[in-house]
Amino acid sequence: MPYSLEQVAWMPSPPLIPDDGPIDFDHLRRMTLGDNSLEREVLAMFAGQAAELAAALAQLSPDAATLAHKLKGSARAIGAVHVAAAAADLETALRNGADPTEPREALNHTISRACKAIDAILRRS
């Protein structure tokens, strides 16, 4: 039996890119099933990985697009949506042979913001 739009119970969708900070904590809670210790562990791992990948991306090695892609996925997984978007921009620039200077600077800025937010969380007891 076909449904009409009036019969469908609509549910609001979360915003695609939250504008309330560098980490979407609702997304992070969903991904870690609300486990605070897992949240902290994942955030610490991401901060370390992001710093390593940013340092590697500064060298613009031949695998830089792959590194940007890796960072994009990691950022999406924890809700660092601005880092993910900036990493996607850098990946696109690298794959298209465009000048990566501006997207790399934007990525460094978003990583810095995310890592500062993560550091503040990890310092809380």
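The model is predicted, so local features need pLDDT of at least 70 and side-chain atom pairs count only at pLDDT 80 or more, while totals for chains, interfaces and linings use all residues. Residues are numbered from 1 along each chain as its sequence is written, and side-chain values use heavy atoms, with hydrogens and water left out.

**Exercise 1.** Work out how the axes of α2 and α5 cross.

*Solution.* Start with the axes, which are lines fitted to C-alpha atoms over the stretch in contact, with angles from 0 to 180 degrees between N-to-C directions. Helix α2 (residues 36–58) and helix α5 (residues 101–123) come within 10 Å and cross at roughly 155°. That makes α2 roughly antiparallel to α5 (over 145 degrees).

**Exercise 2.** Find which residues of α2 and α5 meet, and sort them by type.

*Solution.* Contact means heavy atoms within 4.5 Å. On the α2 side, the residues include Leu-43, Phe-46 and Leu-57; those of α5 include Leu-107, Ile-111 and Cys-115. The residues of this contact divide into 14 nonpolar, one polar and two charged (Asp, Glu, Lys and Arg count as charged; Ala, Val, Leu, Ile, Met, Phe, Trp, Tyr, Cys and Pro as nonpolar; the others, Gly among them, as polar).

**Exercise 3.** Decide whether Ser-74 is buried or exposed, and find what it touches.

*Solution.* First, locate Ser-74: it sits in helix α3. Next, its relative accessible area is 18%, so Ser-74 is buried (under 20%; exposed is over 50%, with a 1.4 Å probe and protein chains only). Finally, leaving out residues up to four places away in sequence, Ser-74 touches Phe-46 and Gln-49.

Technical notes
Helices (H or I, at least four residues) and strands (E, at least two) are DSSP runs, numbered from the N terminus. Angles under 35 degrees count as roughly parallel, over 145 as roughly antiparallel, 65 to 115 as roughly perpendicular and the rest as oblique.
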